[in-house]
Amino acid sequence: MRMKQFIYLATALLIFGACSQDQADNGLPASGETVTVSLSLQPSDMRQVNLSDGSSSVAKVTRSVTALADAAEKVIDNLWVFEYVDGTYVRGQYLSTVDASNLNLDLSKATSANIYFVANVGEAAYKGKTLGTETAFKNYNLAITNEASITPSAGYLPMFGEAPGVAIPDYFKSGATVTLDYMVSRVDFSYTVTGNMSSGFVLKEARLIGVPRYMYPYINPENMDADDTNDTNFPTDTLTTQMFDREAIDVANATAGSLTFYLPDNRRGVGANTAATDAKLKAGLDNATAIQLIGYKDGDEITYNFYLGGDQFNDYNLKRNTKYTLTADLDGTSTGDLRVTKSQAANTYLLKPGRSVLIPVKRANQSDLGEQLADVSTGWTPVVLWRDNSALDIAVTDTGNGVMEVTASNATAEGNAVVYIKDGSDNVLWSWHVWVTNYDPQSENDMYNGFTFMDRNLGALNDTKSGAGALGLLYQWGRKDPFVGSSDVSSATLKTLYSGGSGSATFTSISTATPSGSANNLIVVIRNPDVFYYSSSSPYDWYLGSSTKRNDVLWGITKTVYDPCPAGWKVPPSSAFSSWDNPAYTWDTNGRSPSVANSWYPATGKRSSNGVGLSSVGTDGYYWSSTPNGTRGTYLYFEENSVTKDRVGDRAYGFSVRCVQEN
């Protein structure tokens, strides 16, 4: 008999193993005498917060996730009901359809039970979850992976309600109504590009940043705000956030439009501007939620950040069950308004498969070559040079206003490509590395020696130990242009390149010695991003021709115009590898991991500085720093039995790069 009881109790902890549409026979284990009760459910009214200076008549909706009609917002469907007594699970059930005005439930008889209602989160939200204690239920969260997952059930709004400390069935005998609060806020955001805006500005995209990765259904009544609205149960200090993909704004709505968002709680507190009421000072707190509008002017990417909260200047508390109304006039591009930022130009852009990225071409005017384009909006043509995966389908177009759009149309293919712009004489004016990957360095990184490192090599497809996808690309010291390394973790076989934006025609990388008649080779390498230059004599520097003058500032402590890392990241200084020393590392097959952060550094080998051969793949690792040393560069070197954290080597070598975050 005791064994039978033990089996039953163990089964009861797996409370959500199978569900059906019939709440009277839902397959969920329950305990206690069953009673049937009747009640009604109703949604609460959202509190109103107006963050606008005035009303807006703009009615265009420019997003794929559009606002729900009033009736749809009030729908209560696919309902989970949980009953706990003395902190222990008693009964749970799922109803795929709900008559909110006359709901019949099977509950367990109790003198004091806590009943929780979670609507519109879908059956999968709790199915198969082990929540045998009330504490486990209260701490349970729902993952947010994209905007659609915030409203997972047919787009209806998630709701939560409770009936605490009730006697069953007495509480329901006279008819009971339970009010459900929305687990999300609604943000109605209208914008207008005013006549005061400088000519040439084009609004292109919108994006959400600072969105929590989890949504917590349970509301903790012990944490009350000053305005008597409940705080949610999530850990504000440790809850990580994410940014969603950019969403194109239709050309027809480039001067005025409206955006509607449904967002989870994100209560980040207040800033330091307690004495100011100027909206221009609302520059954000770490992980606070904001709406970004992104536009372009004269090749600059300009981002407007509108942080949400209880006011326009200092409050960053985005609260559930609240409707926020915000109108904005875009009337300038000055960064004197702290909400306005001009994104840094870069030579590498991360691009998710199946998506597009906009690249300002003004970088062609920012190098030692000086102004190559008198007007960045004309006089150039975009071209795809090579891809390292034949499945990549890369298209480049001139969108006007000094911007090139790069699209990776294959939604499953990852890899690398080099694109460039040329003038009417077919001269390459500048080239960019496009890193097609689902990798997000903001959330997947390692911290040590006071630096935040990417958790993989620049150009890597993954960080899988002993996998060829982790090898990434190779770079010469001071150059922005990538070169492929090995296609295998243990042999020196150059990875195959493919010509143009699509197809399987192979591309052959040309190799040549540095022209002897040039004082420096910088303009030549910019014109030829596919050529791996080397020297047959000391100091083995791709930059030098007949002159002995070298360039020590191509890379630096501060990110330079030739740095190959994406925006916000840079080649690390040699001090970033300060903790690497014997025996502060562990050797594994075809690579190594230092003792900090479990970072994986594959032994990628090198391309020679006095030729083009690839060697030492799978046995030795070479990672450039930005620090010069005499006529050479400094790098991290390792093999199975030793490591040198500040070795010096010829600048024409092709080594790996592991980017660090800019300060």
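## Burial and the predicted model

A residue is called buried when its relative accessible area is under 20%, exposed when that area is over 50%, and partly exposed in between. Glu444, with a relative accessible area of 32%, is therefore partly exposed. The structure described here is a predicted model.

## Salt bridges

The whole structure holds 22 salt bridges. One of them joins the side chains of Glu444 and Arg456, with an N to O distance of 3.3 Å. This pair links distant parts of the chain, 12 residues apart: Glu444 lies in the loop between β31 and β32 (445-448), and Arg456 lies in the loop between β33 (451-454) and β34 (473-474). Glu444 is partly exposed, whereas Arg456 is buried, with a relative accessible area of 7%.

Another salt bridge pairs Arg355 with Asp245, and their closest N and O atoms are 3.8 Å apart. Here too the pair links distant parts of the chain, at a separation of 110 residues. Arg355 sits in the loop between β25 and β26 (356-360), and Asp245 in the loop between β16 (241-242) and β17 (247-248). Arg355 has a relative accessibility of 32% and counts as partly exposed; Asp245 has 36% and also counts as partly exposed. In the salt bridge of Arg339 and Asp337, the closest N and O atoms are 2.9 Å apart, and both residues are buried. A network of salt bridges links Glu73, Arg186, Asp188 and Lys323.

## The disulfide

A search of the whole structure finds one disulfide. It is formed by Cys565 and Cys659, whose sulfur atoms are 2.1 Å apart. The torsion about the S-S bond of Cys565 and Cys659 is about -90 degrees, so the disulfide is left-handed. The two cysteines come from distant parts of the chain, 94 residues apart. Cys565 is in the loop between β39 (532-534) and β40 (569-570), while Cys659 is in the loop between β48 (643-649) and β49 (660-661). Both Cys565 and Cys659 are buried.

## A six-stranded open sheet

Six strands form an open sheet with mixed pairing, in the order β25-β31-β30-β27-β36-β37. The edges are taken by β25 (348-351) and β37 (506-507); each has a single partner strand, so one side of each is left without a neighbour in the sheet. Within this sheet, strand β30 (residues 415-422) runs antiparallel to strand β31 (residues 428-436), and eight bridges join the two. Val419 has Trp432 of β31 as its bridge partner.

Asn416 belongs to strand β30. Its relative accessibility is 1%, so Asn416 counts as buried. The side chain of Asn416 makes a polar contact of 2.7 Å with the side chain of His433. Neighbours within four places in sequence aside, the residues in contact with Asn416 are Trp386, Arg387, Asp388, Leu392, His433, Val434, Trp435, Gly459, Leu461 and Leu473.

Strand β20 (residues 290-297) is mostly covered, with eight of its eight residues buried. Both faces of β20 are covered. On one side are Ala290, Gln292, Ile294 and Tyr296, and on the other are Ile291, Leu293, Gly295 and Lys297, all of them buried.

Strand β11 (residues 202-209) runs antiparallel to β20 and is joined to it by seven bridges. The bridge partner of Val202 in β20 is Tyr296. β20 also runs antiparallel to strand β21 (residues 300-307), with eight bridges between them. Ile291 has Phe306 of β21 as its bridge partner. The hairpin of β20 and β21 has two residues between the strands, and in this hairpin Asp298 takes a positive phi near 50 degrees.

## Ala143 in strand β7

Ala143 is found in strand β7 (residues 142-143). Its relative accessible area is 49%, so Ala143 is partly exposed. Not counting residues up to four places away in sequence, Ala143 touches Ser149, Arg213 and Tyr214. Ala143 and Tyr216 are 73 residues apart in sequence, and their C-alpha atoms are 9.0 Å apart in space.

Methods: Residues are numbered from 1 along each chain as its sequence is written. This is a predicted model: local features need pLDDT of at least 70, side-chain atom pairs count only at pLDDT 80 or more; totals for chains, interfaces and linings use all residues. Side-chain values use heavy atoms; hydrogens and water are left out. Two strands pair if DSSP finds at least two bridges between them. Helices (H or I, at least four residues) and strands (E, at least two) are DSSP runs, numbered from the N terminus. Buried means under 20% relative accessible area, exposed over 50%, partly exposed in between (1.4 Å probe, protein chains only). A polar contact is a pair of N or O atoms within 3.5 Å; within protein, one must be able to donate a hydrogen and the other to accept it, and residues adjacent in sequence count only if both atoms are side-chain atoms. Contact means heavy atoms within 4.5 Å. A salt bridge is a side-chain nitrogen of Lys or Arg within 4 Å of a carboxyl oxygen of Asp or Glu. A disulfide is a pair of cysteine sulfur atoms within 2.5 Å.
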